[in-house]
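Look at the sequence and the model before reading on.

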Amino acid sequence: MQRQKLLINGERLMNELERFANFGRTENNGVTRLSLSEEDRLARGFFRTCCKELGLAITVDDMGCMYATLDGIENKPPIVIGSHLDSVKKGGRFDGVLGVLAGLEVVRTLVENKIKPQIPVTIVNFTNEEGARFEPSMMASGVLSGKFDKSVMLKKVDSEGITFEEALQSSGFAGEIENRLKEATAFLELHIEQGPILEREALSIGIVECVVGMACYDIEITGESDHAGTTPMNMRKDALFAANNLITEIRKRLGSLDSELVFTIGRVNVYPSIHTVIPNKVVFSLEARHKDPEVVSAVKDFIHELPYLGLNEGCEVKTTKLWERDTVWFEPEICNQLEQSAKSLGYTNKRMVSGAGHDAQFIATYIPSAMLFVPSINGKSHSEEELTTWEDCEKGVNVLLDTVLALLSK
């Protein structure tokens with residue numbers, strides 16, 4: 001029997017995205033909705049109201065994650081759709097919230113077409129994905145997947161000295177541990193790309209095959225401080241000159257290692273940072289990301305060679321690993337279905353990887369998961385300039401709906 005083709009209500013999705021943007025909307029049409037803030041509490045409350053109007057069963061777990069479930073004919077593990085409602089400071093209107101409202105729109109479409117799903121369909125809002133108020137990012141999904149220790153996370157403190165536990169309790173969204181997401185037939189997350197690839201290639205849909213692995217190091221160079229006007233150049237141990245040598249070599253060597261490797265020196269601290277004093281210490285970060293673990297391993301090998309390259313200007317060079325993560329591959333069968341759905345709807349698409357982290361990468365460690373990207377104009381995200389066309393948002397949710405219907409029919 002041929003499966004029924006449905007499309008979502010694009011105008012309703014657009015209006016809902018704008019309504020949610022009012023919870024923390026900034027002067028430049030961005031959003032500041034930090035996790036468990038008043039703005040987040042109001043957005044959560046409105047989301048709960050929307051779900052109640054659909055007759056969904058709503059639960060909250062001990063990390064504040066919200067679940068809204070449309071019952072199925074069979075009481076089996078649900079298909080779960082979602083993302084997060086929190087934002088960074090002066091972020092955009094689409095990051096995270098699109099994934100939650102995609103789930104809401106899929107369920108609304110099922111309900112208004114009187115489709116009783118064979119198994120339950122659940123919408124999830126994960127707490128503190130951004131980590132903008134309480135570090136680390138993806139905190140709740142990290143606890144759910146066993147990556148983070150809950151007792152440690154509860155003690156995390158924001159800039160005003162408020163702990164995550166205190167904020168959670170005062171928000172009114174502290175639930176029960178038995179409500180956690182423990183099993184599911186599939187987890188689907190729709191997200192804006194946060195990069196320029198889809199727009200550059202004039203494509204509407206990205207089927208995300210993995211979240212790439214990464215390694216992040218601190219490089220510390222220690223020299224000697226002397227007077228900037230009286231110390232001859234050949235007698236200096238200038239840490240900044242040594243840092244410049246190393247950064248130049250890093251760009252040369254890593255730039256030729258693999259065309260898909262991305263690497264960033266995002267933080268540089270120079271001491272004592274006085275214009276009349278030769279710098280005696282420089283610390284800079286070096287982060288690299290790639291899907292192939294062998295490429296990441298080659299990067300780490302090169303980093304360990306930095307102290308011995310003869311570029312040190314007489315200074316001492318020390319490398320310290322801050323963190324790393326392995327590449328997380330998504331469920332191939334679900335990725336194939338996302339691609340098939342996109343093609344059946346006539347949407348241009350491609351397979352791609354995610355350089356940014358998402359809740360799906362943690363959930364994928366214990367639930368079959370997949371992600372879908374829609375374009376970000378000019379690749380902008382985590383800024384008020386973040387923008388995705390309403391048409392592309394609609395297309396992304398249509399692919400999600402078609403995939404859910406396919407999974408329900410199996």
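F46 is buried, at 16% relative accessibility. Buried means under 20% relative accessible area, exposed over 50%, and partly exposed in between (1.4 Å probe, protein chains only). This is a predicted model: local features need pLDDT of at least 70, side-chain atom pairs count only at pLDDT 80 or more, and totals for chains, interfaces and linings use all residues. Residues are numbered from 1 along each chain as its sequence is written, and side-chain values use heavy atoms, with hydrogens and water left out.

Rings of Phe, Tyr and Trp (its six-membered ring) pair if their centres lie within 6.5 Å; planes under 30 degrees apart count as stacked, over 60 as edge-to-face and the rest as tilted. The count by this rule is 7 aromatic pairs. Two of them are tabulated here.

| Pair | Centre to centre | Angle between planes | Type |
|---|---|---|---|
| F23 and F46 | 5.8 Å | 45° | tilted |
| F94 and W390 | 5.5 Å | 50° | tilted |

F23 lies in the loop between α1 (10-21) and α2 (38-53), while F46 is in helix α2, so their pair ties together parts 23 residues apart in sequence. Helices (H or I, at least four residues) and strands (E, at least two) are DSSP runs, numbered from the N terminus. Ring pairs also link F20, F23 and F46 into a cluster.

F94 sits in the loop between β3 (79-84) and α3 (97-112), and W390 in helix α12 (residues 390-408), so this pair ties together parts 296 residues apart in sequence. F94 is buried at 0%. W390 is partly exposed at 29%.
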